[in-house]
Amino acid sequence: MTKVTILQFPGTNCEYDTQHAFEELGAQTEIVWHKSESIPGDTSLLVVAGGFSYGDYLRSGAIAKFSPVMKAVSEYANNGGKVLGICNGFQVLTEAGLLPGALKRNDGLHFISKHHNLKVIDNDNIFLEKLSNNDVVNIPIAHHDGNYYIDQDRLKDLYDNNQVLLKYTDENGDDKNPNGSVDSIAGICNKEKNIFGLMPHPERAMETILGSDDGIKMLQGFLEA
Amino acid sequence: MKAIVNVSLKAGVLDSQGKAVHHALDSLHFNGVSDVRVGKQIILKLDETDNTKAMADVTKMCEELLANTVIEDYEIELV
C-alpha cells in the first residue's frame, strides 16, 4: 500500500484534509511533526501541506525551511523521493531551494479564496499523468502570496524542461490570472520531476457535492507508481 | 552595535504594495511622487563590536534568512 507522509509545522492547517483525501484514495498516511529529524522509511510520497507555517512571519515558508525535519526532506528529495508541496507547502519548497522561483504577494493585495480553473500544460509526469494536456480542472485556491515569480532566463529553462505543469485559466482554458503570477503559472516541478509544487488545493476537490472532484485525478497519479 | 537591514523587492520585480500606496497618495492629491517602493526594516542588536565581522555576519543572515534573494535586495547599515 502506498504510504503518504504529511508534514505538520506550527500553523499548518491542511494536514487533515490532505490525510482524508489520500485515505479516501486508499493510501496509508502518517502526519509527521516538524521537530522530527527523520521521515518514515516506507514513505512513497511526502506532502508538505498547506496553511500558514510560523504565521507566515518574515515571508511565507521562510522559517519552516529551518525546521529539523527539512534536512530529512532534502535528503529524501535529492535521493529521488517524491515530494508534493501544496499552497504553503509550495512556498516552503521554493524557500528551501527545492523548487525554483518564489511566491510573492498577490498583485491585487487581497487574500483570494475561491474555485479556479486550471489548465494542464504538461502531463508527462507522475502528478498529472491521469490527465491530458489542455484538460481544464476546477480546483480551489486560497492564498495571499500566490504570485509566482521567476526571472526570464529561468522561466525559459522551466519551459525547455517541461517543468510548467499548471496555469490559471477560465473554463475554456483561456488565460485568466487571479494573482499576477508569471505567465499565469499555478504549478511547477523540478527538473528531475520528483518534486512538485502548486498553489491550488487538490485535496479540497474530492467531492462533487463540495464543488468539484477534479482533485482525485491529480492525487491518484501518486498512488499508482 | 545595531544593524539596520532594509529589505525590498528587486528593481524589475513588480511591487504591488508600492503601486497601491502610490495610487492612494495620488488620490490624496500628493502629485509630486514619481515612484513608491514598500520594503521592510529589520533591526538587530548585535554583541559583536568589530564592524567588519558584524557586516560579514549580517550579510550571511540576509543571504540565509532575512531576504529571499530570488526576489529581494537588502542593504545593511551598522550604527
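The contact is made by nine residues of chain B and eleven residues of chain A; two residues are in contact if their C-beta atoms, placed from the backbone, lie within 7 Å. On the chain B side, helix 1 (residues 16–27) gives the most, with three residues. That side of chain B divides into six nonpolar, three polar and no charged residues. For the classes, Ala, Val, Leu, Ile, Met, Phe, Trp, Tyr, Cys and Pro count as nonpolar, Asp, Glu, Lys and Arg as charged, and the others, Gly among them, as polar.

Some housekeeping. This is a predicted model, where local features need pLDDT of at least 70 and side-chain atom pairs count only at pLDDT 80 or more, while totals for chains, interfaces and linings use all residues. Residues are numbered from 1 along each chain as its sequence is written, and chains are lettered from A and ligands numbered from 1 in the order in which they are written.

Now chain B. Its elements run β-α-β-α-β from the N terminus; helices (H or I, at least four residues) and strands (E, at least two) are DSSP runs, numbered from the N terminus. The three strands form an open antiparallel sheet in the order 2-1-3, and two strands pair if DSSP finds at least two bridges between them. Strand 2 (39–45) and strand 3 (72–78) of chain B are at the edges with a single partner strand each, so one side of each has no neighbour in the sheet. Strand 1 (residues 2–9) and strand 3 of chain B pair over seven bridges; in one of the pairs, Asn6(B) has Glu75(B) as its bridge partner. Helix 2 (residues 51–66) of chain B packs on the sheet and touches strand 1, strand 2 and strand 3. Its direction makes about 155° with that of strand 3 of chain B; axes are lines fitted to C-alpha atoms, for helices over the stretch in contact, and angles run from 0 to 180 degrees between N-to-C directions.

Last, chain A. Thr29(A) touches Val4(A), Ile6(A), Gln19(A), Phe22(A) and Glu23(A), leaving out residues up to four places away in sequence.
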